[in-house]
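Here is a friendly briefing to read beside the model. Please have the viewer open as you go through the points.

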Amino acid sequence: MTLASITVGPIGFERPEWLILLPVLGVVVFLMARKSLSGLGGMTKWTAIGARLFVIALVAGALARPNWRTEARDVSVIAVVDASRSIPPAQQEGIDQYIERASAEGKRPDDRLGTVTVARQSLVQSLPQRNTRGVERQFVGATDGTDLAEGVSLALATAPKDTATRVVLMTDGNETKGSLLRAAEAALAVGVPIDVLPIEYRYDNEVIVDRIVTPATVRMGEAISVRVVLNAMRPAVGRLTLSEGGQPIDLDPGSPELGMIVELERGPNVFSVQVTPREPKPQAFEAVFESIASRDPAAAGSVGDSITENNRARSITFVGAEGSVLVVRENAQETEALERVLAESEIQAYTINAGQFPNTLAELNAYEAVILANEPAFNFTEAQQEMLRQYVHDTGGGLVMVGGPDAFGAGGWIGSPLADALPIRLDPPQKRQMPRGALVLVMHSVEAPRGVYLAKETCNAAVDNLSRLDLVGIVEYQGISGVDWVHELQPVGDRSAVKRAINQLQFGDMPSFDESFNLAIDGLVAAPAGQKHMIVISDGDPSLQRSTIRKFVNAGITVSAVGINPHSPSDLSTLRNVARMTGGEFYDVGRNPAMDEVVSIFIKEAQTIRRSLIWEGDPFSPAVVNRSVEPMRGISGVPPIRGYVVAAEREGLSLVTMRGMEDDPVGAVWQYGLGKVVTYTSDAASRWGAAWVSWGGYKQFWEQHVRWAMRPGGSASVRVTTEHQGDETLIMIDALDPAGERLNFARFDARVANPDGTGSPVEIRQAGPGRYVGRIASGDPGSYVLNLNYRSPVTDPETGEMTLLEGSAQAAVSRPFADEFRSLSSNRALLRQVAELTGGRELSGDPVADNLWDRVGLTMPVATRSIWIALAIGGIGLFLVDVGVRRVRIDPRGIAAAVGRAFGRGQTKDTRESVESLKRVRDRTRARAEASREQAGRKFEASDDAASAAGPVALSGEAEQTAAPIVKPKKRVVDDEPEDTLSALRRAKRQARDDMQE
Amino acid sequence: MLPPMPASRPWHNTSRRATQRGLGALAALAAGLTLGGCSDADPATISTEAEVSFGEVGRYPGQFSYPRAIDAIATPDGPELFVCDKTARVQRMLTDGTPIGVVQMPEWELGKPTGLTIAAHPTKPGERALWVADTHYHQVLVYDLPEGEPFGDEQVNPEPTTPVLAFGSYGHEPGQFVYPTDVAVLTDAAGAIERVYVSEYGGNDRVSVFTPVEREGATAFEFDFSFGSPGTVEDAPTPEAVVFNRPQSIAIDRETNELIVADSCNHRLGRFTLDGELIAWVGGLGEAPGSFTYPYGLALLGGGQALVCEFGACRVQQIDLATGESLGSFGGMGLGENTLAKPWGVALAGGMAWVLDSGRNRVVGFDAPGVPRSAGVGP
């Protein structure tokens, strides 16, 4: 059984039931003591009883788990400030001024102010501190969203433990993500009130381009109706422009301008334009409204629009065309032969280099397959790589990856998003004996905006590009603990260890490169690797000895240097020199480099050690191992090749079609998501495949492979229309079979590629004859690309035979602007609810009256410190005193005199006399003690001999004339008179005291 | 001359921390008594325990954003500290952290100052001035000591303060600077400036000496001579070669008429005559007493002793410059009250040493022996 804790003054007891010992034992001790201590003098007796009771109190107290409670007196106010775009800039300034003034008002010196800004992400601008006086907006992130819940959670997370905390939320209450109420519940749970300061605004002069409506699919040459819906808060005049694929459409042929002047009434306004798409590809239509001046007399002269983000809308229409493929290569010779056979096979091919590669999935989706010929990964941005993966997985596009010395593992594709889509693993097989590379990264402080993030991503990218057998090490200056390996030079393995190390990088500002370079060179020299390389990233100001550079030169190890944000251009000379002298590369990425730029440098640099993945040697013919798969149909043997990129077989559904040395997969195919992927690790040019180009089966081989990978076109007529409904989009499909009849009982396998790079399946069901519907969640801004693969049994009207009709269709949905720009007034009700829930206040906005530092309603935290051990020690100490009181005479005057002597003063007459008398007594006692040494040792002991002792028992004073035996023989004590021993002692003590008094 | 020292130290932070320490102090007293009398700290060496500390991270007055340079002066009301951090401002502060003045550098985009010295005023005889080595703008700036209520509405970024005087430009020629790190001012008995020494790094690692001249009715500083060249201990042709690798701090010892240079990346101190002739190198790389790991800060104690603040070893050593012997040490790497995280500088005033615990954005004060001299309190 336990009781709730009890607090007495500053002391709290966790197990107060033990306190019951105090009265119980107290009474017992008191009763016992009255009897057993009756022999003592009054004062001594009561002291002894008091001491015993106190001992019991201390022991009982110690058992009751006592805590010393210190209540905090300081308050932390954490201001959570909405920095999103929905708050007009003037109001943002007002918030800052309010915080500065309100935080100065009534603040005690040790009170602390912390600030958190909220937009799409929440960021701590300053931790709660004594000297902070306002909100200092440093980096607030993207402002096209508001996640108030995250802001409140962050504020709670930064609340100091030793102060009471109040969160002050300054916002319009419009959240686009998260749930503020849920965060408020968390605040309630930890007893933190949330005061709210509603930011009031109303965008009265506002025009929103609500949406632009176009059909999702259209045939080439067909005219379509583009409808633009504008929403005006009050009558307005403006210019509406419409563009198709970036080219403006002349809306008003009568005027020299391309746009048209429109007069808007209050509420929704719809404008409709007839357009005939010009090219067979996905066409993006964009409508833009520019306000001119309001005609409303109330807002005369003012431009009737405040937020420009909501003035544009986009939609995408797929303009039907014959299936085409996109060929990407850097060098025309790379695909010369391949393009020729594609043309002979009547496959429409567009050839570009990586720099021209589409940046949106909708554009890429115009092609049924993409062929990458000897393309390295660093030619594509991370987003493009991810988009390509999505293109295959979610929109069913085909991918043909053709090798060359810059492709596959040797081209840095290891670890790229696209690596998941390939039917082979780019890492070489474990069993394969091959030279491996060793890479050391030396990281120095990156004093650029978001430099730490950038540098970490860069390291990650470099490490991702290495194969599992390669060695990687990271050296940095870890601030307080100096230069060291953050990650020792060791095989990459599954990358978890090195990723952990990267996450812990601190990017300390090292004064000199020597220590870190020496560490790196020692590691690299000892490393069991073929190619060795080092990359250093720095602002260039640490010093470097020539002798250190010479070590790299002597060991033949290249060093590449990335100079980032130098204090002055001349700082980079050290880096330039080290790169030049060791044969590495030097990159000056300037003051504020783009992430992609630095990442691709690191990936490219990591390639330096990746050349080992290329096999080149005497020509041999790869073994055709799988003739049954469609792309290899009819191909029983292939000509010799002179080289290929080594990769490993992927377990699962991939099929290896050709094998090279040690069974390396040279050709492989598989289905990835909705799309199909082909890899051929040798090249399509004469570098490695000279014999192929002149081979009779060359056309058949590539035509079959490319056609197999291409997305099926289909013969049915499928028209897709979309409609926004809140955060969802309704997909409507009207399907006709080749004979023009409604297509029923079709099975749709649909996926949507979301703007965040994820894909999700879409459920499509039949809603009527030839009509199918589905829904997708489309709450985030951006493009959603939908792919529909269908299968349907149809009856041939002539023969009456059942055949299977297969095909696919695409559609795109565009959500142009975030909900952040849809809110045109504040949400005060939500804020009020939050304040009520957490016991906070609704602030007036008056910095003085609001009194942010008010203590009312705050729970002051209490720090507790366990003190049972102190009580227990006190109890033990006092127990000794208790014993002492009864056994040892304390002579205050004697002590005073002794202290006086020790300090050479205090020899007053009284004390001198007293000392004299003490000395006399001592002398006599000593004399007697010497006379009977045996007795002297037993003055206070009950011993057998004591009975015959004749000596006195005085401790001091004059010897008594009629000395009583101090003790009785033990036997007698035990046998006859147990109390007598005690009484004898007491008597002796009394005697001694009397002597003293004399 | 130094102003008189106050008898007591009324400026010490006696707030809550003191009361919290009360019990501990009692216990220590009791322990001291039992062990046989009060153990007076040896007055010849620095204390190993912090007496006071203040500072927190931030950009508001009283806060620091990685402070990298410090100097201190003694006034009749107690010591005052001057601290420069990465907000490119020098805050004048009391020893409880209260800011009482600020100087904001004119520009800071390229980098922030890493050295400052309070020394004789170049134009106002008898007064003191703030000399700033504006490292990344390749110049030396001289300011009046900031006074009054300087933190108006522009709390975070005050308006740039106009310097009294500035000299230096980028370059490798004599009289030019790459990255100046510290300034030391040599005055005569009357307090008039005789010479100004400026240390620098960045490919120009040397000490340049300037003399004041009257030019068109205004004081200017003219290049006189320089000594030292960039180099490392390992690469130096002879041990006596005067090569520097980032001389981060310099100080003048008027007792011995020596210029002491903290040759940071060579992990040693250099003792020079005022004319730049090498007397001796002191120390070398290491963590043992008497060795240094990136000695960044320097303050002279008098009696041929110096306090050396080591960025790498996170400590302050008391060094006998003649023998190179370490007489005591404060700190050590750590996040405790008596340990330091990458300290950049040390200054002396009011019988105490004030070390910049840069990694933790605070200033730590601890007892230091002797009377602070040139580096600590200027002329």
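**Helix pairs, a sheet and a chain contact**

Helix α11 and helix α12 of chain A cross in the left-handed sense, where left-handed means that the near helix is turned anticlockwise from the far one by less than a right angle, and right-handed that it is turned clockwise. This is a predicted model, in which local features need pLDDT of at least 70, side-chain atom pairs count only at pLDDT 80 or more, and totals for chains, interfaces and linings use all residues. Residues are numbered from 1 along each chain as its sequence is written, while chains are lettered from A and ligands numbered from 1 in the order in which they are written. Helices (H or I, at least four residues) and strands (E, at least two) are DSSP runs, numbered from the N terminus.

**The α11 and α12 pair**

- α11(A) covers residues 514-526 and α12(A) residues 546-555; their axes come within 9 Å and cross at roughly 20°. Axes are lines fitted to C-alpha atoms, for helices over the stretch in contact, and angles run from 0 to 180 degrees between N-to-C directions.
- α11(A) and α12(A) are therefore roughly parallel to each other (under 35 degrees; over 145 is roughly antiparallel, 65 to 115 roughly perpendicular and the rest oblique).
- On the α11(A) side the contact uses A:D514, A:F517, A:N518, A:I521 and A:V525, and on the α12(A) side A:T548, A:K551, A:F552 and A:A555. Residues are in contact if their C-beta atoms, placed from the backbone, lie within 7 Å.
- This contact of α11(A) with α12(A) has 5 nonpolar, 2 polar and 2 charged residues. Here Ala, Val, Leu, Ile, Met, Phe, Trp, Tyr, Cys and Pro count as nonpolar, Asp, Glu, Lys and Arg as charged, and the others, Gly among them, as polar.

**The α4 and α5 pair**

- Helix α4 (residues 148-158) and helix α5 (residues 180-189) of chain A pack at an angle of about 15°, with their axes 7 Å apart.
- That angle makes α4(A) roughly parallel to α5(A).
- The crossing of α4(A) past α5(A) is left-handed.
- From α4(A), A:L148, A:A149, A:V152, A:S153 and A:L156 meet A:L180, A:R182, A:A183, A:A184, A:A186 and A:A187 of α5(A).
- By class, the α4(A) and α5(A) contact divides into 9 nonpolar residues, 1 polar and 1 charged.

**Sheet and hairpin**

- Chain A has an open sheet of 6 strands in the order β25-β24-β23-β26-β27-β28, with mixed pairing. Two strands pair if DSSP finds at least two bridges between them.
- β25 (483-491) and β28 (586-590) of chain A are the edge strands, each pairing on one side only.
- Strand β27 (residues 558-564) of chain A pairs with β28(A) in the parallel sense over 4 bridges, and A:I564 has A:G590 as its bridge partner in β28(A).
- Helix α13 (residues 573-582) of chain A lies across β26 (531-538), β27 and β28 of that chain, at about 160° to β27(A).
- In chain B, β18 (residues 268-273) and β19 (residues 278-282) pair in the antiparallel sense over 4 bridges, with B:F272 opposite B:L278.
- The hairpin of β18(B) and β19(B) has 4 residues between its strands, and B:G276 in the turn has a positive phi of about 90°.

**Chain contact and confidence**

- Chain B has 29 residues in contact with 22 residues of chain A.
- The chain B side of that contact comprises 10 nonpolar, 13 polar and 6 charged residues.
- Chain A has a mean pLDDT of 81, and 86% of its residues reach 70 or more; pLDDT is the predictor's confidence in each residue, from 0 to 100.

Terms used
Contact = placed C-beta atoms within 7 Å.
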